[in-house]
Amino acid sequence: MTLPDTAPTPLRAPVTLTMAAALNAAIQDAMRNDPTVVLFGEDVGPLGGVFRVTDGLYAEFGESRVSDSPLAESGIVGTAIGMAMYGLRPVVEMQFDAFSYPAFEQIVSHVAKMRNRTRGRIQLPLVIRIPYAGDIGGVEHHSDSSEAYWTATPGLTVVSPSNPADAYSMLREAIACDDPVIFLEPKSRYWAKAELSLPVRTAPMTTAVVLREGTDVTLIAYGPTVKTALATAELAVAEGLSIEVIDLRSLSPFDDETVGASLRKTSRAAVLHEAAQFGGYGAEVAARLTERNFYHLAAPILRITGFDIPYPSPKLEQYFLPTPDRILTALGTWEWN
Amino acid sequence: MPHHCDMSLNVESLVESPLAAPRPLRLIDDTGRAAPLDEAGGFALPDPATLLNLYRRMVVARRFDVQVTALTRQGRLATYPSALGQEACEIAAVAALGAEDWLFPTYRDSIALLTRGVPPEHILASFRGDWHSGYDQNAHRIAPQATPLATQALHAVGLATASKLKRERTVALTLLGDGATSEGDAHEAFNFAAVWQAPVVFVVQNNQYAISVPLDKQMRCRTIADKAIGYGMPGYFVDGNDVAAMYAVTSSAVENARAGHGPTLIEGLTYRMEAHTNSDDPSRYRDPGDLEIWRRRDPITRLDTYLCEIGALSDAERADIRAEAEDLAADTRECMTRSAPVDPLELFDHVYSTPRAALAEQRAFLAAELDEHAEHAEHAEHAVAASVAAHSGVNS
């Protein structure tokens, strides 16, 4: 997909950017290039969002394109639907993962279904940004990984960047996309830095990428667990284990081709996520990879995830989140011959 | 007697309020006479030509509604939520809109679609089970009929706000029921509309029952219209069986919205004369006497009386309108007996604008399954033919 820039965004000199700043630049460039892009949500105006992702946008684009809405998530998504029906491209923010639940009905019953319901006559080009996942010492309701609710819903495109370059490129693509996109932003990675020349263009939003090549194990991660997977692969070198790390980037659709090719090469795979295991996204990944690649497998596909409990309080989250040690221990439970 | 059965609505015993006694605004009373000025709330009676047009549309809409209920009983449709008795609210809402405006209806508002020009076959496609929404939403500027209650009200507010942001004149009007006002989305829609001063009109058809639950179990306040005060927008409590009043108030609300004065909440007090749907049994929860009370307040009969008295409706005109209604009923019967093939492979065509590999795989799977079934059917046909041939050979 190419970006529908009315005027191509000029290439700027390399600067060091956090993921939050890269997301900010993506929205800013999209709004400069397309007057139909509007932004609203809770505290996204003069404050610039609680994570400052929308910092400065209110000052540049004004109240008509960047606005603080009443504090009601169903209202935010519901009105975004109406705006998208009338030729705008709304980008809305659910302030935290668990605060998206009041919008569940609008997302599941309308955002996901409108195009199909109307035989393609009404498209909803809207982006729902959701800061998600934990590891930030957040109080309850501020660290949920709710991705499986969205990926279980046909009609939604669900993506999650893990680094600043992807954050910029994928958000530009999500805003340009004619379908609704659930854009999951890993909170713990908001402050990760990279040197970027904007506008950076990475792989297409709906594809997975191999971040580190390896020969023994395919470690499948997305969003906040990509960093954990890379750290694990680094540690594993000392143990003589060569780990290939895949960043899924897109949870729906799932890139069977890239992940399947890696699995057929290594014959072993594990999938990582922060969300609870039971009924989690990893179950789908393990099941479909097994169905399609069973005769290439040397061992069952593992899910290394959060426990099947509600997300813990700050002092306890370190025991909940998958760590490189826990991952290596899990990989050690396979029979290696 | 619960207050929802009585038009005089003496609910002061329920709620002590500083507000005036809630008496519905009306222009033509139950008996078809012009209502006294103090009931008109400052609104003027529409001119006779407008009233005659509203009359014609109500008669046609009712004939359609009755016809579709009959077709549903015959098993031609899976379900049909009737709006019998609510014609004044439905037709006034549509008549108040311009071609550039958008309507956000619910499943009960099929006659509103009809009045806005959607062909019967396209309205009924969803109730027949062909597809979830069967008409061209963009051509008619009518959103899909919403099933989850009050959700469409937010879409209306969003579209209206987009119109305002683009400096266009389009107004959105959404139809809601009394039960839907208990939903959180109704509250959010009222509030967002007022805060954003969106050019949107909320028409709540208070037909007094949410399936079986009466309004006094939905809310503790006097009227739904009163709630508008709390959101900072005008609210009108209107006799929902008086099409003249509904049209005057709704038109004024639409024009106010268009002029940049923000949203309006209108409550039309009416009654659902039919069951909730064909699978409902109202005798379990409604007093049959109520039907008689509301039949005497019928929106068509009272306008008929009024128009005759002012000499604006002749017998010939009435016959002409009835003939138009009968023609539409015949067309509706005809289109519902026509076969309407569905294409199973279309299931995959509209979910995403960008093709997905997984859906392509599943589409191919279903296509292969369909081919196999077709082949089996063909074999079976050949076998029958061969058997018939063999038998006729023996017999000859």
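Mentor: Before anything else, please keep in mind that this is a predicted model. Let us start with a strand in chain A, whose pairing we can follow residue by residue.

Trainee: Which strand runs parallel to β2(A) and is joined to it by five bridges?

Mentor: Strand β2 of chain A covers residues 37-41, and one of its residues, Gly41(A), stands opposite Glu93(A). Glu93(A) belongs to the strand made of residues 89-93 of chain A, which is joined to β2(A) by five bridges in the parallel sense, and that strand is β4(A).

Trainee: Which residue stands opposite Leu39(A) in β3(A)?

Mentor: β2(A) also pairs with strand β3 of chain A, residues 66-68, where three bridges hold the two in the parallel sense. Within this pairing, the residue of β3(A) that faces Leu39(A) is Val66(A).

Trainee: Turning to chain B, what percentage of its residues are buried?

Mentor: Chain B contains 13 helices and seven strands, and its C-alpha atoms fill a box of roughly 90 × 50 × 40 Å along the principal axes. Of the 396 residues in chain B, the buried share is 44%.

Trainee: Which helices of chain B do the buried residues of α12(B) pack against?

Mentor: Helix α12 of chain B, residues 315-337, has 23 residues and reaches 33 Å from its first C-alpha to its last, close to the 33 Å expected. Its buried residues are Ala325(B), Thr332(B) and Met336(B). The helices of chain B against which these buried residues pack are α1 (48-73) and α4 (120-128).

Trainee: Which helix gives the largest share of the side of chain B that touches chain A?

Mentor: In all, 33 residues of chain B are in contact with 35 residues of chain A. On the chain B side, α5 (137-140), α6 (151-165), α7 (184-196) and α13 (357-395) each supply at least two residues. By class, this side has 15 nonpolar, 14 polar and four charged residues. The largest share, eleven residues, comes from α6(B).

Note on methods:
Residues numbered from 1 in each chain as written. Chains lettered and ligands numbered in written order. Predicted model: local features only at pLDDT ≥ 70, side-chain atom pairs only at ≥ 80, totals over all residues. Buried ≥ 20, exposed ≤ 12 C-beta atoms within 10 Å, placed from the backbone. Helix = DSSP H or I, 4+ residues; strand = E, 2+ residues; numbered from the N terminus. Pairing = 2+ DSSP bridges. Expected span 1.5 Å × (residues − 1). Contact = placed C-beta atoms within 7 Å. Nonpolar A, V, L, I, M, F, W, Y, C, P; charged D, E, K, R; others polar.
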